[in-house]
Amino acid sequence: MSRIYLSPPHVSDRERELLLDAFDSNWIAPLGPHVDAFEAELAAYVHMPYAAALSSGTAALHLALILHGVQPDDVVVCSSFTFAATANAIRYVGAEPVFVDAAPDTWCMNPAFVEAAIQAEQRAGRRVAAIIAVDLYGLMPDYDALTAIAERFGVPLIEDAAEALGSRRSDGRRAGSFGRCAAFSFNGNKIITTSGGGMLVSDDEQLIDRARYLATQARQPVAHYEHTDVGYNYRLSNLLAAVGRGQLEGLEEKIEQRRRTRAAYEEALGHLPGVQFAPLPPDQSPNHWLTCVTIDAAALGVDREAIRAHLAADQIESRPLWKPMHQQPIFAGCRVYGRAVSDGLFADGLCLPSGSALNDSDRQRIIERIQATPGMA
Ligand SMILES: *Cc1c(COP(=O)(O)O)cnc(C)c1O
């Protein structure tokens, strides 16, 4: 039996064609016409006017914090239930992450805890310099509430949309269009990939211009190498941007494939006692990046780890949900506001294989394997 990965790259002849075009044009690096086109096409897709293509989503988050003036010893309020890259970027600028728990109806940051965190941090005399909201597994937090809180306290809201390209709300707004700016990732496991890459998008032209400047070693526009700022080497290569353009063309189809995968899992497993699927907030249409379930072991007779191990023994990859940042050794000692929801999701949650190249027989194989977990009620 062939191995089934959680969310492997899925490429087509179109990416190959564009990549060869970039190669043959000798615009190997740095930058080039595919970078400009990828930026314009991605910005148009998320309905934002400006975008800068970068070497990773983490680089986009790092620049977002620098561009919002986050300083050493500032506090940044951040989702606890996320991938470590979100919180690491806060450390890169020397600031202190303060974590908030997820809301049960979105799995994303709970606005009530954000408000409590800002109030408590400010009362203690600390400067809250930014909020980073994460669009987890393609879901989005309650951005109406978060935006109102951010405005009321005068704290910029940054959107980590690394997992959410293609997610939208019923009012037509897309992931990446909330907040002052948003970060996307094109890492190998994301819904579209350039092998590695990222994008910073914003409606602030100056902010994106400055991101490009910092990402290109902060070189002044003179013939010799002149520098007045610390720069970074964070731009995306033209070769990878060509791949990204092909991936973006296929994005809607990939979302549809992943939606079908969730529907197949839900139809086969949704009635089992103790199995619950990730929320589908009524005003959201997620990109279904990963299909996630929680397992109530008392009701199902087996726990999350039993299912994961049974899948792994048949060469099927599944993963626990993100381990909250407040539980990570590297962030031990950071303050946290609320923890019960993300602790529960980490204890019982499982991401099922969700790649957009999964076919009906792959899905059937995964479903039957889960149903055959020894001890299941
Ligand atoms: C993948 C991911 C990132 C980091 O993106 P890279 O391109 O891998 O640097 C940041 N935040 C979240 C929530 C992610 O899932």
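Reader: How far apart do the C-alpha centres of domain 1 and domain 2 lie?

Author: They lie 25 Å apart. Keep in mind that this is a predicted model. Domain 1 covers 13-249 and domain 2 covers 251-371 in the domain assignment.

Reader: What makes the two domains count as being in contact?

Author: Contact asks for heavy atoms within 4.5 Å. Here 50 residues from domain 1 and 36 residues from domain 2 take part in the contact.

Reader: And how much area is buried between domain 1 and domain 2?

Author: About 3,800 Å², and carbon and sulfur atoms give 60% of that. Over in domain 1, W107, Y137 and I191 lose the most area to domain 2, together 21% of what that side buries.

Reader: Why is the pair R335 and E121 called a salt bridge?

Author: The rule wants a side-chain nitrogen of Lys or Arg within 4 Å of a carboxyl oxygen of Asp or Glu. R335 and E121 come to 2.7 Å, N to O, so the pair passes the 4 Å cut-off. Across the interface of domain 1 and domain 2, the rule finds three salt bridges.

Reader: What else is counted between the domains?

Author: Polar contacts: there are 25 residue pairs of that kind between domain 1 and domain 2, both residues at pLDDT 80 or more. On the side of domain 1 that touches domain 2, the elements giving two or more residues include β2 (75-79), α4 (84-92), α5 (111-123) and α8 (238-249). The residues of that side divide into 28 nonpolar, 11 polar and 11 charged.

Reader: How many salt bridges does the rule count, and what do R235 and E39 tie together?

Author: The count comes to 23. The side chains of R235 and E39 meet at 2.5 Å, N to O. R235 sits in the loop between α7 (205-215) and α8, while E39 is in helix α2 (residues 33-45), so the pair ties together parts that are 196 residues apart in sequence.

Reader: How many helices and strands does the chain have, and why is it called as compact as a globular protein of that length?

Author: The secondary structure comes to 13 helices and 14 strands. The radius of gyration is 21 Å, close to the 21 Å that the globule rule gives for 377 residues, so the chain is as compact as a globular protein of that length. Along the principal axes, the C-alpha atoms fill a box of roughly 70 × 60 × 40 Å.

Notes. Residues numbered from 1 in each chain as written. Heavy atoms only, no water. Domains from an automatic or database assignment. Buried area = accessible area lost by both parts, 1.4 Å probe. Polar contact = N/O pair within 3.5 Å; in protein donor to acceptor, adjacent residues only side chain to side chain. Helix = DSSP H or I, 4+ residues; strand = E, 2+ residues; numbered from the N terminus. Nonpolar A, V, L, I, M, F, W, Y, C, P; charged D, E, K, R; others polar. Rg over C-alpha atoms; globule rule 2.2 N^0.38 Å.
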